[in-house]
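Hi everyone, thanks for coming. Today I'd like to walk you through one structure, starting with its charged pairs and then moving on to a strand. Please have a look at it first.

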Amino acid sequence: QQQYRSYQPTSVRPVPAENLPADQQPTPDLVIDDMLSLMGLTSADTLADIGCGDGRVLVAAAQQYGCRGVGIEIDEKQAQRARQAVSAAGLGGKIQIITGDARQFDPKSYGVTAITVYLYPELLVQLAPKLKSARVVASPFHEVPGLNMSRRGDVWITTSARQASSGGFPGFDRQAEIDHLMDPATQHAGRFSRANLERMTDWQLIDIHNREHGVITHNGVRS
């Protein structure tokens, strides 16, 4: 059963090929893995990849986390490559690729809950207002102006205050992390007060951990 609204050509207008940037770059595979692991995706999510290129982010997300996906790509040739990759992976029923201008894409119309975006900073400024509707937004290398984001390696990521304050990071043991930071046997003793740690969001606690110990993945595994 088709889960997406029917695409209307007037809703997202393709841009002539002569107006395309000459130096579009794909997101490195290692960065994709890190980015997706930080987003807490589940099969209940619909991920939008804005500037989806050859579709590798959407294919990886669907294969690893079972989420649905919609990609918006300005370059028709790249969009066609993405459709071919989706078809080759057997994900045609889960991922839709649209050719068009990201500035005219409405995430709410597709039920989008998570967004990845790898675009020029000046375009991110224009897109920021519509990105706020998603539960989580991740951007490789560039912070999205106007969003509350933190950097983890090569990825900038943000979540809504509701998710961050409700223990919404799958597998993360909030109390165990606080106990670890307060343990006199660790290097952290004396650096934090329990009251301050209790007031922090999960994402703030994870950020402290990631800066000092490596990344906590979506399954809560320390690395």
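**Salt bridges and a buried strand**

Let's begin with Asp 45, which forms a salt bridge with Arg 135, their closest N and O atoms lying 2.9 Å apart. By salt bridge I mean a side-chain nitrogen of Lys or Arg within 4 Å of a carboxyl oxygen of Asp or Glu. This pair links distant parts of the chain, 90 residues apart: Asp 45 sits in the loop between helix H1 (29–39) and strand S1 (46–50), and Arg 135 in the loop between helix H4 (121–131) and strand S5 (136–140). Helices (H or I, at least four residues) and strands (E, at least two) are DSSP runs, numbered from the N terminus. Both Asp 45 and Arg 135 are buried; buried means under 20% relative accessible area, exposed over 50%, and partly exposed in between, with a 1.4 Å probe and protein chains only.

A word on the source: this is a predicted model, where local features need pLDDT of at least 70 and side-chain atom pairs count only at pLDDT 80 or more, while totals for chains, interfaces and linings use all residues. Residues are numbered from 1 along each chain as its sequence is written, and side-chain values use heavy atoms, leaving out hydrogens and water.

How many salt bridges are there by this rule? The count is five. Another of them joins Asp 101 to Arg 103, with the closest N and O atoms 2.8 Å apart. Here Asp 101 is buried at 6% relative accessible area, while Arg 103 is partly exposed at 43%.

Then there is Arg 194 with Asp 179, at 3.2 Å between the closest N and O atoms. Arg 194 belongs to helix H7 (residues 194–199) and Asp 179 to helix H6 (residues 174–182), so the pair ties together parts 15 residues apart in sequence. Arg 194 is partly exposed at 34%, and so is Asp 179 at 37%.

Now, back to S5. Five of its five residues are buried, so S5 is largely enclosed by the rest of the structure. Val 136, Ala 138 and Pro 140 cover one side, with Val 137 and Ser 139 on the other. In a regular strand, side chains alternate between the two faces of the sheet.

And which strand does S5 run parallel to? That is S4 (residues 114–117), joined to S5 by three bridges; strands pair if DSSP finds at least two bridges between them. Across from Ala 138 in S5 stands Thr 116.
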